[in-house]
Amino acid sequence: MTVRGLRSRLRSGVGRAGWAVADAWVIGRRYLYHLLRKPDEIASTLVIPVLAVLLFGFVFGEAMGAAMEVPGGDYREFLMPGLFALTMAFGIGNTTIAVVTDASRGVVDRFRSMPIASATLLAGRCVADVLAAVVDLTLLVVMGLLVGWQWHNGPVPFLIGLGLLLLLRVAFTWIGIYLGLLVRSPEAAMKFFSLVFPLAMVADTFVPTELMPSWLAPLAAWNPLSSTVIATRELFGNPSMPGDTWIAQNAMLMAVVWPLLIVAVFATLAVRRYRRLGE
Amino acid sequence: MPSVFDPSHPAVLTEGLRKRYGGSNGARVLDGFDLAVAPGTIHGLLGPNGAGKTTAVRILTTLLTADGGHAEVAGYDVARQPAHVRTHIGLAGQHAAVDEFLTGRQNLEMFGRLYHLGARRAQRRTAELLERFGLTEAANRPLRHYSGGMRRRLDLAASLILAPAVLFLDEPTTGLDPHSRNEVWQAVRSLAASGTTVLLTTQYLDEADQLADRISILAPSGPGGGRVIAEGTQADLKARIGTDRIDVIVTTAEQVELAARTVGDVADGAPELDSANRRVSVPVADRVSALAELARRLDDSDVEVDDIAMRRPTLDDAFLSLTGRRVVADENDAGGAGTGRTG
Ligand SMILES: Nc1ncnc2c1ncn2[C@@H]1O[C@H](COP(=O)(O)OP(=O)(O)O)[C@@H](O)[C@H]1O
Ligand SMILES: [Mg+2]
């Protein structure tokens, strides 16, 4: 078998973009195989939202809905978009663990010694995460429908809302990839998350920012999660109490700007880190 | 630009390579590292744990940038033409870099696709390599169910997808049991027979001895470390580091001197005295006749012998004769492959 001709093709750069997409897909598919072999990964991502629906939706739901004076009175209608976004954020755990595992086992070394663009490989992980997020979202939407949540503005705003959620997932994927390249072991990553996860909770998820103590409210309002949550509530026609701060009033804009900003920063950091891994 | 197939140009060449980790205050890991590997040969890079073997391999495979000096692989400058280098090399690192959750076949096909072989050719190449490494039967099992030796062989197969001109093997048998180690040795030998240039790192003298055409010995870390202190064929090096040894253990420490005098001129070099262990270590040229002669002389003398053992020189012996100091072996790192090394 001759592979010599191929080398010149590899070098020529012809159709480099096409190859980049193909490569990202090959890598992405690898992670999707993992998902098939470890369905518990999806399950573990969904544990928190499911528990949250049961606990907040049913046990405390009545009281919270009443206390907050949710327009229309249904706390579960208010809650579901928050849980969608929270699940997108929590996906960062799987991303980071997968990347740090690859890096510590030498798999990343092999990829880096091959003639493939660095960004392509990392993008592959992102592709896989977005596809996994589609599965997560589908299951969550079904669960939402079962507990009485609905979208009220027709299919197009609904799909745009899902699009914003996936965009948020893309942003968190790049944070996760960067962290995975930064820490040395899965254990170190776990320690880090126990500090970071509470931050993901300080957002418009369970309680509107309006009702938070004044020192916490700005932090929650400027949390990128909040913009996506408020924007999707609007798109789905679910009850919302965004308040009248600038950031809350421009949630739709910020639900796009935040993720793009995060991707720009963290993708740059991740690619740079990847190129200098092990220095 | 020199061609890959120019037989007079080294397939791997380094001149005065320098590297330290953690900025200018970090410890020097490579400090004037020189290496030249002729195309189509197996070259052993031998050194104790921490000597800088992996660092050298990482620089040569474009994973790490050197602080100074020059490195070429397959005629391409590692620092300036990394993309070219990557299309000509294969790497099997210290940890098997394969995917635990994919099957053997999926692993190889994935790497084939990433080398842009296309689906059909990736499949064909995969089948070829599985066959060659005796993994056809296990091809559809996830790697989690592979033994350590099988995983290493698959790792080796993955590094060969593109039929690389130069293959880097970083401690390919560390942590393997003797049976798996033999499997890997066999695979490396058949590779070299097909014309691939191999740079192999190892902590074990007998591994380098078994596989390599030429050997470079890397100094232990510390002062004077990070450079090659001896290079040559086995025969060249044997002449410098002493050949086989016969250890004579006597019953009391006082007898060590006497034993050394008794066996003196059988030795091929100066015997090494170790009172603490009541041992005289005698380098010998021809072990069988030397053993017979030694036994006869000890028998005729007043030396009370506790034990006589014949052993091959270890890396320790090599460093002792090359640098005059002992290297503390890292037992943990040697793992299963370290057992029976001195027999
Ligand atoms: N990424 C790193 N950062 C800092 N020090 C390192 C790094 N990698 C290796 N070292 C140090 O460099 C020295 C040489 O390591 P290495 O090249 O792995 O040696 P070997 O492969 O011969 O055992 C060791 O002292 C090791 O601790
Ligand atoms: Mg090493």
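**The interface of chains A and B**

A: In this predicted model, four salt bridges are counted between chain A and chain B. One of the features to examine is a salt bridge in which the side chains of A:R110 and B:D155 meet, at 2.8 Å from N to O.

Q: Which helices of chain A each supply at least two residues of the side that touches chain B?

A: They are α1 (4-12), α2 (16-37), α6 (92-105) and α7 (107-112) of chain A. The most is given by α2(A), with nine residues.

Q: How many residues are in contact, and what is the area buried between chain A and chain B?

A: In chain A, 34 residues are in contact with 45 residues of chain B. The buried area is about 3700 Å², and carbon and sulfur atoms give 59% of that area. Across this interface, 14 residue pairs are found in polar contact, both residues at pLDDT 80 or more.

Q: Why should helix α12 of chain A span 18 Å?

A: An α-helix has 3.6 residues a turn, so residues three or four places apart point the same way. Helix α12 of chain A (residues 224-236) has 13 residues, which at 1.5 Å a residue should span 18 Å; the end C-alpha atoms are 19 Å apart, in agreement.

Q: Is α12(A) enclosed by the rest of the structure or open, and what follows the helix?

A: Twelve of its 13 residues are buried, so α12(A) is largely enclosed by the rest of the structure. Among the buried residues are A:P224, A:R233 and A:F236. A:G237, with a positive phi near 75°, follows α12(A).

Q: How is chain B divided?

A: Chain B has domain 1 (12-238) and domain 2 (244-312). Their C-alpha centres lie 40 Å apart.

Notes. Residues are numbered from 1 along each chain as its sequence is written. Chains are lettered from A and ligands numbered from 1 in the order in which they are written. This is a predicted model: local features need pLDDT of at least 70, side-chain atom pairs count only at pLDDT 80 or more; totals for chains, interfaces and linings use all residues. Side-chain values use heavy atoms; hydrogens and water are left out. Domain bounds come from an automatic or database domain assignment. Helices (H or I, at least four residues) and strands (E, at least two) are DSSP runs, numbered from the N terminus. The expected span of a helix is 1.5 Å times one less than its number of residues. Buried means under 20% relative accessible area, exposed over 50%, partly exposed in between (1.4 Å probe, protein chains only). Contact means heavy atoms within 4.5 Å. Buried area is the accessible area (1.4 Å probe) that two parts lose on being put together, summed over both. A polar contact is a pair of N or O atoms within 3.5 Å; within protein, one must be able to donate a hydrogen and the other to accept it, and residues adjacent in sequence count only if both atoms are side-chain atoms.
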